[in-house]
Amino acid sequence: MSELLFSPFRLGALELPSRIVMAPMTRCRTSQPGDIPNRLMGEYYAQRAGAGLIVSEATQISRQGQGYSWTPGLYTAAQVEGWQGVTDQVHRAGGRIFAQLWHVGRMSHSVFHAGALPVAPTALAPDAQVWVAGGDGQGHLLDCPVPRELRQEEIQGIVLDYRRAALNALEAGFDGVEIHGANGYLIDQFLRTTSNRRQDDYGGSRENRARFLLEVTRAVAEAVGPSRTGVRLAPYITARNMNCPDIIPTILYAAGELDALKLAYLHLSEADWDDAPTVPDSFRQDLRQAFHGAIVVAGRYDRARAEAVLGAGYADLVAFGRPFIANPDLPRRLEENLPLAQPDPATLFGGGEQGYTSYPGYFPA
């Protein structure tokens, strides 16, 4: 078997020791009030600094962008200071970390917006739930309401929120940023005909539906540099009423436009449930034709599948999500074929050290 997964890779200005990426995963461990990153989060990421690159948990660019309790932000001075402590710990441990920038759009609830409705391209509910912590500190799933349609004059304000959050990320010590355009959140909502029924410059044609993604990415890349900017997309994910019949050609069009910006990478979030559609080789080939920069893939990859997709030339890096939760030393375990621990599902969201920083590295019996 080849060893591409464990070979170094140059990503923008960064020299990665391997092609193993820690995928972004929401864990809801911020300090309250204020959704502030803290020492415990720094310890968690530093434990996993052996990854070639860490992409942080999704981080809201504004109060309007929040849709789950205890998720971190990058729009207040306290949040920037909290993230500085996290990135310091990661860098001391020898790691590299990008911040994932997030606006959830309609995947939210009025509890996060002082009773106001969440915003979206179109007033269509997502048929989904979000995790909301009650006064007792316990999390509960609440149905997403029908959102409010964004007025066209509001959209540029959100583009500026992304730009400010990207600059805040660099101030906080991140090595770069990833724009979250996947998994049914705001940018993805603009991309799809199932969630975007607008009749203005941001709806209708593929070019119009991709306009918001491209405006955000240009603004971020201009602010922090294209070599520090990545974008995550999800072509084959259909949950949350996102099963758009035109999403593949739309994403291929957007990929071609993003290619001109010379970004650090494009990150594909692939569906990872048991009966999920397989990403066809034809799409991977078309994507390579449209986008010539680095491609990251994520979605139930193990060592063998990772080596296969790298060997075929369809990806340059492979992101691992859930395996990193219970295996802070995942790169070593993969390289040495060591057993993988399984995470405790009861401790995935919220709580303290247990099920977060409590998983040990592998030590032979």
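Author: Contact here means heavy atoms within 4.5 Å. The model under discussion is a predicted one.

Reader: Which residues does Ser18 touch, not counting residues up to four places away in sequence?

Author: Ser18 is found in the loop between strand 2 (14–16) and strand 3. With residues up to four places away in sequence left out, the residues that Ser18 touches are Leu5, Phe6, Ser7, Pro8, Gly52 and Leu317.

Reader: Does Ser18 count as buried or exposed?

Author: Buried means under 20% relative accessible area. Ser18 has 7% relative accessibility, and therefore it counts as buried.

Reader: The backbone nitrogen of which residue lies 3.2 Å from a polar atom of the side chain of Ser18?

Author: A polar contact is a pair of N or O atoms within 3.5 Å. A polar atom of the Ser18 side chain lies 3.2 Å from a backbone nitrogen, that of Ile20.

Reader: In strand 14, which residue is the bridge partner of Val21?

Author: Strand 3 (residues 20–22) and strand 14 run parallel and are joined by 3 bridges. Strand 13 (residues 294–298) and strand 14 also run parallel, with 3 bridges between them. Ala298 stands opposite Ala319 in strand 14. The bridge partner of Val21 in strand 14 is likewise Ala319.

Reader: Which residues of strand 14 are buried on its two sides?

Author: In a regular strand the side chains alternate between the two faces of the sheet. Both faces of strand 14 (residues 317–320) are covered. The buried residues are Leu317 and Ala319 on one side, and on the other Val318 and Phe320.

Reader: Which helix makes a β-α-β unit with strand 13 and strand 14?

Author: The unit is right-handed.

Reader: What covers the buried residues of helix 6?

Author: Helix 6 (residues 211–224) has 14 residues, and among its buried residues are Phe212, Leu213 and Val216. Phe212 touches residues including Ile155, Tyr162, Leu186 and Phe190. The cover of the buried residues includes helix 3 (152–171), strand 10 (176–180), helix 4 (186–191), helix 5 (206–209), strand 11 (229–233) and helix 7 (247–259).

Notes:
Residues numbered from 1 in each chain as written. Predicted model: local features only at pLDDT ≥ 70, side-chain atom pairs only at ≥ 80, totals over all residues. Heavy atoms only, no water. Helix = DSSP H or I, 4+ residues; strand = E, 2+ residues; numbered from the N terminus. Expected span 1.5 Å × (residues − 1). Buried < 20%, exposed > 50% of the residue type's maximum accessible area, 1.4 Å probe, protein only. Pairing = 2+ DSSP bridges. Right-handed = clockwise from strand over helix to strand, strands pointing away. Polar contact = N/O pair within 3.5 Å; in protein donor to acceptor, adjacent residues only side chain to side chain.
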